[in-house]
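Here is a short report for someone meeting this structure for the first time. Keep the sequence and the 3D view at hand while reading.

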Amino acid sequence: MPVVKGVGYSLIHAPNILYHNGTTQTSERKKNPQSEYLAKLANHLRSYETALAYAPNQVYIGNIGMDELRSIPRPWYSSPVAKADRFGPYGEIMPEDEFYGLIKIADSFDLVRLEAEFSAAVKAKLARHRYLGNELIKRLSDGKELAQIQKLVDDQGAEGLFIAGRLVGCVRSAHEIDENLSAHVMLENLVTKASSLLPLFYLLTTAGAKPADIDYIIECSEEACGDMNQRGGGNFAKAIGELAGLVNASGSDVRGFCAGPVHAILQAASLVKSGVFKNVAVVGGGSAAKLGMNGKDHVNKNLPVLEDMLGTFALLIAADDGFNPVIRLDVVGKHNIGTGSSPQQVMTALVAEPAAKLNLKLGDIDHFSAEMQNPEITEPAGAGNVPEANYKMIAALAVMAGEIARGEILQFVEKHGLIGFAPTQGHIPSGVPALGYFRDQILAGRAKTCMLIGKGSLFLGRMTNLFDGLSLVIDKNPGLKPAETGISRDAVRQLIAEALRDMAQNLKRG
Amino acid sequence: MDLQNQARIKELTEQYGGENIVMLLGGAEPESASIAAETVTVGDPTFAGPLAGVSLGLKVYHVVEPEIKAEFDPKVYEEQVAMMEMVLDVDNLVAEVAKMRQEGSK
């Protein structure tokens, strides 16, 4: 069975990209440039230090456990973490200036220009980064004069890169008229590509893998790269792998709105189980478009704009090692085209049916991870506590199955649910951020079976009103059977017989 | 309520007449349900969409309201809504939508 051999999770604090490139802000600038929201927004942006000390962000990189988050009083933005660290066991939280350097490193077509002094300062910082080797740092070429960058922004439609309102660089358009290669789209795509590098580097470390070990990459972020002749042509996966030195890998991109990552994991696990590949990396970079998506509600309610983090992750799905948690492929929960789209039908298909097929009660599943959005972001926007709503639905299914009484719903939620902590980056909250936690819990013997649930709203693409979802059961590894260890029973018998014969001969000689 | 949905509702109302349309909500949050109900009765409170300043006065209900539940085949309701009925804040949802209905439905 395929295993989850390692995980990487990183965040990038990106308040200036939020301000200039998030779609809520760009739409407002087009429709209502003098709006009160835009006037107030800058005063609601967080500093890097504030974002670093925000408890859900520390959970994301693994410095704070789920149980600890539960005990930190809300609002979390008023309860900064005392020992906030940039680096954690799963990854890091990168500041925006260094990320601009990473965008330049990820730029293969000389579209990114950084101001000379800024570029030199960022290069010095990134040169000290634990995972960026000389080959990557060398790609940060000498910067350009500010006047030249300003001209590109003013006259040629380049997208500015800012730090605290100061222009420090730009991303140029890659084509005269093709909207798919416009400066705006190129910035979004470069953000995705560059941000994917971070979790990938941490993944290789946690999994104890070398870049050359990876056979295939499945990329599952929010964007599509292509041109006017093929809008979503791809291939982010190979572009990212090239940068990370995964020289033996090929790859491709998988999409499914927020359910994309679980589709990607399913495909990765299937490729491993079939024996086609041994090591498949699943990677998702951050979404610039979704930064500040609910900013209007946050500003209206006088809150900090909390959607200032680009979320990223990378996973290594590998051949069975007898140790790491396994991804069950004998039973997969899936929302079929004929399933129906009511929440009850969706949750029955994704949770109750696969559990029943595995002869599991819902209460036998230690933890579920569905939509792990941070409630502090969604509640002010009127969307409620999304993970809690999911857990209540699962508990209600347990009531309908006669497992628990109706009065035990909240206890079920408390026992099997997790607190939402993920940035609302679409694909990021959808099940995957808890996979690291699942892996740790299972390896520590504190959990045996967990369920990963991805859900996607396909109507957003205006091609269908169907819903979408997939779920996977992650289990404790039962250990390799003798046949899988490479030594057969007969071989063991033969080894014992030879040892006994040697011993008898030695005794004779003695 | 998103702008496309507002446009569709406005169009349907013009086509069939408001008296022939019942707006059925299924949202989970009382606050959002209230805004949706307000949008199709007195008009879009955010003044962003096609229903800004347009009072359609539609009859609006949430699917968990008793009048609506009574219209269902109990088996269908059990299969499609019973789980959510257990989870939702039914009292508040009903109160919010009923309030907008009383204030704005024609």
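Predicted model: local features only at pLDDT ≥ 70, side-chain atom pairs only at ≥ 80, totals over all residues.

**Salt bridges**

Side chains of opposite charge can pair when their charged atoms come close. Over all chains, the structure holds 24 salt bridges.

| Pair | N to O distance |
|---|---|
| A:E379 and A:R74 | 2.7 Å |
| A:E219 and A:R255 | 2.8 Å |
| B:E65 and B:R101 | 3.0 Å |

Take the pair A:E379 and A:R74, whose side chains meet in a salt bridge. The two residues are 305 residues apart, and the pair links distant parts of chain A. A:E379 sits in the loop between α16 (375-378) and α17 (386-400), while A:R74 sits in the loop between α6 and β2. A:E379 is partly exposed, at 32% relative accessibility. A:R74 is partly exposed too, at 39%.

Next come A:E219 and A:R255, joined by a salt bridge. Here the partners are 36 residues apart. A:E219 belongs to strand β6 of chain A, and A:R255 to the loop between β7 (250-253) and α13 (260-273). Is A:E219 buried or exposed? A:E219 is buried, because its relative accessibility is 0%. A:R255 is partly exposed, at 35%.

Chain B supplies the pair B:E65 and B:R101. B:E65 lies in the loop between β2 and α3 (66-69) and B:R101 in helix α6 (residues 90-104), so the bridge ties together parts 36 residues apart in sequence. Both residues are buried.

A network of salt bridges also links A:K104, A:D107, A:D110 and A:R113.

**A helix pair in chain A**

Two packed helices are described by the angle between their axes and the distance between the axes. The axes of α7 (residues 96-105) and α8 (residues 116-127) come within 9 Å. They cross at roughly 95 degrees. The two helices are therefore roughly perpendicular. Residues of α7(A) that meet α8(A) include A:Y100, A:L102 and A:I105. On the α8(A) side, A:F118 and A:V122 are among them.

**Two buried residues**

A:Y90 lies in the loop between α6 (66-71) and β2 (93-94) of chain A. A:Y90 is buried, with a relative accessible area of 11%. Beyond its sequence neighbours up to four places away, A:Y90 touches residues including A:V7, A:Y60, A:Y202 and A:Y437. The C-alpha atoms of A:Y90 and A:P199 are 7.9 Å apart, although 109 residues separate them along the chain.

A:H298 is part of helix α14 (residues 295-300) of chain A. A:H298 counts as buried, at 0% relative accessibility. Leaving aside neighbours within four places in sequence, its contacts include A:P304, A:E307, A:E376 and A:P380.

**Backbone spots**

Which peptide bond has omega near 5 degrees? The bond from A:R74 to A:P75 does, and it is cis. A:P75 is in the loop between α6 and β2 of chain A. The bond from A:G234 to A:N235 is also cis, with omega near 25 degrees. A:N235 lies in the loop between β6 (216-219) and α12 (236-244).

B:F47 has a positive phi of about 55 degrees although it is not a glycine. B:F47 lies in the loop between α2 (30-41) and β2 (59-62) of chain B. B:F47 is exposed, with a relative accessible area of 63%.

**A surface patch**

A:F257, A:F459 and A:L460 form a nonpolar patch on the surface. Together they have about 270 Å² of accessible area. A:L460 is found in the loop between β13 (449-457) and β14 (467-475). A:L460 is partly exposed, at 46%.

Definitions and conventions: Residues numbered from 1 in each chain as written. Chains lettered and ligands numbered in written order. Heavy atoms only, no water. Patch = residues over 30% accessible without salt bridge, like charges linked within 9 Å, V, L, I, M, F, W, Y side chains within 5 Å. Areas by Shrake-Rupley, 256 points an atom, 1.4 Å probe, with all protein chains shown as cover. Salt bridge = Lys/Arg side-chain N within 4 Å of Asp/Glu carboxyl O. Helix = DSSP H or I, 4+ residues; strand = E, 2+ residues; numbered from the N terminus. Buried < 20%, exposed > 50% of the residue type's maximum accessible area, 1.4 Å probe, protein only. Axes fitted to C-alpha atoms, helices over the stretch in contact; angles between N-to-C directions. Parallel < 35°, antiparallel > 145°, perpendicular 65-115°, else oblique. Contact = heavy atoms within 4.5 Å.
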